[in-house]
Amino acid sequence: MGELTFSIIKPDAVANNKIGDILKMISDSGLTIKATKMIQMTKVQAEGFYAVHKERPFFGELVEYMISGPCVVSVLEGDNAIKRYRDLMGATNPAEAAEGTIRKAFGASIEANASHGSDGPDTAKVEVSYFFSSLELVN
Ligand code: DGI
């Protein structure tokens with residue numbers, strides 16, 4: 001079994017009908033989709049998910065944005081999946097993201113940047129279990 005990482009297709013990308021395009025980019029990159037579902041986060045869930053950013057000036061806006069519409073959350077698997085998915089997403093600010101990345105293709109701003117991916121093994125574990133039970137992870 002390869003490494004697991006956690007992905008969110010954010011409300012802007014869902015609203016723009018990009019779920020299929022982004023899941024295709026993930027599959028084409030060789031990562032395996034282990035689990036996926038559409039959710040609408042509550043304010044409490046979004047605040048908990050982004051708790052590491054709660055002292056940042058943009059925290060309130062980030063939470064409001066993440067609850068502005070449905071998201072698609074997924075668990076991805078593959079060798080080195082965490083870094084590979086970060087590379088596929090591109091820079092946080094879509095204006096700085098490389099050609100061929102999700103954020104370059106579909107991100108509109110540093111806030112509405114189309115996707116989230118775990119930044120390390122510890123956060124990946126916490127984030128997967130924040131949204132998925134072990135029964136939802138297909139073997
Ligand atoms: O791991 P990333 O998502 O690439 O970036 P991060 O962990 O530094 O920030 C988490 C999210 O917070 C990011 O995807 C979008 C949002 N964000 C980051 N910097 C800013 C921001 N939102 C606003 N409005 N302004 C910022 O400067």
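Start with β1. This strand is mostly covered, with five of its seven residues buried. Keep in mind that the model is predicted.

Now its neighbours. β1 and β3 run antiparallel, joined by seven bridges. β1 also pairs with β4, again in the antiparallel sense, over three bridges. Look at isoleucine 9. In β3, valine 72 stands opposite isoleucine 9. In β4, the bridge partner of isoleucine 9 is serine 115.

Next stop, α7, residues 121-131. Which residues of this helix are buried? They are Ala124, Glu127, Val128 and Phe131. These four cover an arc of only 100° around the axis, so they sit on the same side of α7. Turn to the other side of α7, and Asp122, Lys125, Val126 and Ser129 are exposed.

What covers the buried residues of α7? The cover includes strands β1, β2, β3 and β4, along with helices α3 and α5.

Last stop, the largest pocket. Its volume is about 620 Å³. The lining has 25 residues, and the closest to the pocket centre are Lys10, Tyr50, His53, Leu62 and His116. Where does the lining come from? α3, α4, α5, β4 and α7 each supply at least two residues. The largest share is from α7, with four residues.

Key. Residues numbered from 1 in each chain as written. Predicted model: local features only at pLDDT ≥ 70, side-chain atom pairs only at ≥ 80, totals over all residues. Heavy atoms only, no water. Buried < 20%, exposed > 50% of the residue type's maximum accessible area, 1.4 Å probe, protein only. Arc of directions from axis to C-beta. Contact = heavy atoms within 4.5 Å. 1 Å grid on protein atoms, 1.4 Å probe; cavity = no way out; pocket = protein on both sides within 12 Å on 5 of 7 lines; lining within 4 Å. Points joined across faces, edges and corners; volume = space filled by probe spheres on them. Pairing = 2+ DSSP bridges.
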